[in-house]
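Student: I am new to this structure and would like a close look at a single part. Could you take me through the salt bridges and show me where their partners sit?

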Amino acid sequence: MSRLTHFDQRRRRVRSAIARNSGGRPRLSVHRSSQHIYAQIIDDTNGVTLAAASTLEKDVRGTTGATTGAAAAVGKRLAERAKAAGVSAVVFDRGGFLFHGRVKALAEGAREGGLEF
């Protein structure tokens, strides 16, 4: 059996805490790369993605990149799509990333857009 890296251990710890405390709410999952940020709202009971947004979308691809402003815009766009899908409350899954910088900006943008978590 291979050893887990610190990042994988943290991701596993975060996911297990979310599973215990979700209360049936969908999960807002975040992935951050060096150039882009991705977010999606996942219904784990049915295994379905309800809404998604990222900096790779055609309307923002050339203008934004790995900035907190771009992450906040992704959060707002995701909140709009979630409301259209009928989702108002989620559980935030930072995916092993620390809650600061772009991850925090995305969360604050989603809150401004009307998501509760």
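Tutor: Happy to. Let us begin with R15, which counts as partly exposed because its relative accessibility is 35%; here buried means under 20% relative accessible area, exposed over 50%, and partly exposed in between, with a 1.4 Å probe and protein chains only. This is a predicted model, where local features need pLDDT of at least 70, side-chain atom pairs count only at pLDDT 80 or more, and totals for chains, interfaces and linings use all residues. Residues are numbered from 1 along each chain as its sequence is written, and side-chain values use heavy atoms, with hydrogens and water left out.

The structure holds 7 salt bridges, a salt bridge being a side-chain nitrogen of Lys or Arg within 4 Å of a carboxyl oxygen of Asp or Glu. In one of them, R15 pairs with D93, and the closest N and O atoms are 2.7 Å apart. This pair links distant parts of the chain, with R15 in helix α1 and D93 in strand β4 (residues 91-93), 78 residues apart. Helices (H or I, at least four residues) and strands (E, at least two) are DSSP runs, numbered from the N terminus. D93 counts as buried because its relative accessibility is 0%.

Another salt bridge joins E57 and R77, whose closest N and O atoms are 3.2 Å apart. E57 lies in the loop between β3 (48-54) and α2 (68-84), while R77 belongs to helix α2, 20 residues apart. Both E57 and R77 are buried.

Helix α2 also supplies K76, whose side chain meets that of E112 in a salt bridge (3.3 Å, N to O). E112 is in helix α3 (residues 102-112), and 36 residues separate the two. E112 counts as exposed because its relative accessibility is 58%, whereas K76 is partly exposed, with a relative accessible area of 37%. Salt bridges that share partners also join R15, R27, D44 and D93 into one network.

Now for the sheet around these residues. R27 has I42 in β2 as its bridge partner. Strands β1 (residues 27-32) and β2 (residues 37-43) pair in the antiparallel sense over 6 bridges; two strands pair if DSSP finds at least two bridges between them. The open sheet has 4 strands in the order β3-β2-β1-β4, and the pairing is mixed. Strands β3 and β4 stand at the edges, each with a single partner strand, so one side of each is left without a neighbour in the sheet.
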